[in-house]
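Dear colleague,

Please find below the structure that I am handing over to you. My notes on what was found in it follow directly after it.

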Amino acid sequence: MSKLSGGMAQASPNASYHQSYGDGGAASPASTGSTTGFGSQSGVMEAVEMDPASGASIFHADGFKKHEDLKQMLDSNKDSLKLEAMKRIIHMVARGKDASDLFPAVVKNVVSKNIEIKKLVYVYLTRYAEEQQDVALLSISTFQRALKDPNQLIRASALRVLSSIRVTMIVPIMMLAIRDSAVDMSAFVRKTAAHAIPKLYSLDPDQKDELVNIIEKLLGDRTTLVVGSAVMAFEEVCPERIELIHKNFRKLCNLLVDVEEWGQVVIIGMLTRYARTQFLDPNAGDELDEFEESSRDFYASSEEEDRKKTSSNQEGAKKRSRPKMDPDHRLLFRSTKPLLQSRNASVVMATAQLYHHTAPKAEVQVVAKALIRLLRSHKEIQAVVLNCIASMTSTKTRNNMFEPHLRNFFVRSSDPTHIKILKLEIITNLANAGNIGIILREFQSYITSQDKFCIAATIQAIGRCASTIDEVTDTCLNGLVHLLSNRDQAVVAESVVVIKKLLQSQTGDHKEIITHMAKLVDSIQVPAARAAIVWVLGEYCERVPKIAPDVLRKMAKSFVNETPEVKTQTLNLALKLCLTNPGQTKLIAQYVFNLARYDQNYDIRDRARFMRVFVFPPPGHETNKLLLNAKNIFLATKPPPVTESKFKDREVYQLGSLSHFLNIRANGYQDLPSFPDVAPDSSLRNVEPIKVPNPWEKSLDKLKKKSTFYSESDGESGTSDSSSSSSGNNSSESSSSEDESDHGDASTRTLKQAIPATTIVNGESKKAPKKDEEEMESSSESSDESSSSESSSSEDETYPSARGNRPAVAQSNLDLLLDLSEAPPASGTPMLTPSIGGFLSPSNAPNAKTLSESISEAEVNFYPTKSHQLLSKMSTGGLQVSYRFTRSSLLYSSCMCNVELTLSNLGDAELIDVKIGAKQMAPGMSLKEFPGIASMDPGQTAVVNVGIDFNDTTQGAKFSLVASGRCFQVTLNPIMGELVKPVSMPEGLFNLEQGKLKGMNETETKVTLPEANANLETIKKKIFEGVNVAQVPSSEDDTLKFVAKTLSAQVLVLIRAKFNPEGNHLRLNFNCEKIVVGSMLGKELKVALEST
């Protein structure tokens, strides 16, 4: 027993460590056995259980409960024991041990006053709150109180735990907590609020609108700690709301360098998509430049004067073809370039993909050194970086940027196999006539490697170099033939396959190479190599007329034991030899075809049956045209195989994404948007400067109180001048940021210049002389505020105020100019109209209310009668359901589409309790059920209506139909033309709204009409049938205009159809805030208009 005790004492080195944490020298309850020398069996067990994370729980004594010591420590009155218990629990969680059974004991300590204990408790609760929801809900009130704790870490931890409880009933509490935390004084709490937003959105998508408002506030935060998390929440909840980024774009670019690393990755990813939608393609004119460069030598003149003229014309063409780069686009590159030196590989990769997808080709080269630097990182990072470089070098336009770094891609013996293959791919992409010598010497050393996969990849790389660089084709071919004598069958087999491809692309006899390959039939056993040899002999059988029949004889002997691919090539060889040398090979070929006729593989049997008739035709078919042209069919010259990089097709995916790495579309991947054809309005990114407080405000208030003059004329003048001051103030708020620093001086100049503008003589207001006014106007050109103030003042002096007859208190000149409390002029007051050169004229522009009143609902022009099958009787045993879009309004909700369901009982049994069961609707969609049908007799038909809010998307409404207790899952797919309703508007308003919805909001579709549809009446009829729209009167004879609103979001949909009788061409323009709506309508109408 003493030996066992001693062994256990050595196995538990933490006994003294646990004892040292008692208060006042008292030992910890978990370490009492360490002071007794383990004199009993229970002492041994206690010593083993001292560290719950030690994994020694297999020695539990009878009746011992797991983690009992930790629970006792958590129930103790001493903070030191609780703190020690929490440290050990967190240690267990960090090591992956299950500590969920301690949740009730831990959650009780959330009210502890010890700040260290409370922090660890919240860390534990964040981990297990989702698993132990029922117990966590009991402490909701405690978490809510913690949201008001003075310590920012406690507030943030409470919000983190609260958002980890995935229970729908606490959604209002979570929303309230997030709303309050989003405006917290602590940046750390605001950051936590941003992290909680996606969790709440995934729990309840109906809260999206309110969450978007919170995200908008967080995006405006100027703290670098918050910005990255706010953008992350934006990407998760509302990435389509690009208008939220416009006013924050420049701020994000300027703060990007100071944001934490993972926030930088998220922001760069978002800015990449923003740049692709808001800026023009900087490489738009490169195709024309490449064509001019290639044709320059052909068209060049021998005289120097002609060369100069040609050069100047080409430069002018380049300037015309390449669009001017937006300053904000340039700001994006200037802000992200320093991040190429980041220590975080993910930040460097994100910056590299930003340059790759949005930068001019000449500027992408800056990412080369940064990517090369990442090759010194871990193997996992190397694989991702090399994958991206291989994709970038697969195109000729980008591979020159990595040519100076060729040696960095040489294979090391310590590299894993997948790294070696990626490096070989890059080296092959970079190979050219200048560096091919170095590359081939490097390949020669790789062939002696022990890695068979690397050897095979090297031989394939040699074959690609031979096919793309004519100078070394013969050298590579000779080297590959030399490898046929290698002892390793894998090397020989891969060499045979590559030689086969090279023989197809090279002209010449190559009889010796073919003979050498034929000798390998007896020794080589790799199926791919044997099939390649047989194919070569069949393709070039006329060059080796004595060898090919002998190889066929050998293959006939082993035909039964060959693999399907070898059998297929043996049949090809037999057929070709029968066509070229029937005297020697007809009997052997007949034997081979008889063997294939009874082969186990049906592909071999079918091929043999197909080929047999060409050499052994059935009686009466000897003169068939196909048989007479058999040589032309089977012995025709084959096109050489195209040797290109397997990474070339990965350009469709975003560089560095999981889909790009796997070369397959991963779940959740979003395609990178294309550059717009027309640049969107860049003024959307202009932000109004922050208003600087006026230091004269207090003194001006005192001067106002000293006013003692009372007269009707003074009241009118006061009203006028106060309006002038208000106008000047409004102008100063909207001035550019360059004028902010001079705001105080400009205000002072305004005061000095405005005081003599009006004088009071004998209680009457009189204007200053015209000369003085001109001097004031000329002197105020340097200040925007002064200019705006004088223009408004002159307005009010020229035109009397709408409130002029009301008596007012007389004020001094200074008060009249600076009184900001007066209301602005009435709407009837003339306004300064910049569009007509600054002359004063009454403003007749319609306001928002007038415009909205001019849009009203219109009648439906066409009611569709076509129905679509929703449920077939074959799958239900009798119930058949079809649906039809009625285009009629639904009383329950105007946002829903009214769909008519026709339910028919085509079975022999009665159907009871027919209703809609479980609904699996996408976020934002809803469904109004029809009243349940108690019973349906056989042959009975019932027509019901359901309302579906498709949320202006083409996602199908998924729900189940229940009949007689059986559930049938169905999906009702919408038609975009049925998700709109017709409205009426005048043509002027149509043109105005269409002008607002340009750029990304406009979709164009071109249709070539059949002769039967090539007239305006038929076009109008087809559009009415396909889309629920109303026609707008058009002043153009060849143009039709239609308008509608989407059912869910009430967004305008404008359609303009311009018909060109020459060629029966129709151009459709769709303008809508929702880009998908216009795109889908274009596809649907194109199909409808092209059908007769």
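In this predicted model, R884 stands opposite E900 of strand 8, and Q880 faces S904 in that strand. These pairs belong to the antiparallel arrangement of strand 7 (residues 879-885) and strand 8 (residues 897-905), which are joined by seven bridges. Strands pair if DSSP finds at least two bridges between them; helices (H or I, at least four residues) and strands (E, at least two) are DSSP runs, numbered from the N terminus.

Residues are numbered from 1 along each chain as its sequence is written. As the model is predicted, local features need pLDDT of at least 70 and side-chain atom pairs count only at pLDDT 80 or more, while totals for chains, interfaces and linings use all residues, and side-chain values use heavy atoms, with hydrogens and water left out.

E900 also has a bridge partner in strand 12, namely N945. Strand 8 and strand 12 (residues 941-949) are paired in the antiparallel sense over eight bridges. Eight of the nine residues of strand 8 are buried, so the strand is largely enclosed by the rest of the structure. Buried here means under 20% relative accessible area, exposed over 50%, and partly exposed in between (1.4 Å probe, protein chains only).

These strands are part of an open sheet of five strands with antiparallel pairing, in the order 6-7-8-12-10. Strand 6 (868-871) and strand 10 (926-928) are at the edges with a single partner strand each, so one side of each has no neighbour in the sheet. From one strand to the next, the twist averages 30°; axes are lines fitted to C-alpha atoms, for helices over the stretch in contact, and angles run from 0 to 180 degrees between N-to-C directions.

Turning to the helices, six of the eight residues of helix 22 (residues 367-374) are buried, so this helix is largely enclosed by the rest of the structure. The buried residues are V367, A368, A370, L371, I372 and L374. They pack against helix 21 (345-358) and helix 23 (379-393), where contact means heavy atoms within 4.5 Å.

M73, in helix 4 (residues 68-74), is buried, with a relative accessible area of 0%. Its C-alpha atom is separated by 6.1 Å from that of A85, 12 residues apart along the chain.

Helix 37 (residues 658-662) gives the largest share of the patch, three residues. I664 lies in the loop between helix 37 and helix 38 (697-705) and is exposed, with a relative accessible area of 51%.

For the chain as a whole, the secondary structure comes to 48 helices and 20 strands, and 47% of the 1092 residues count as buried.

With kind regards
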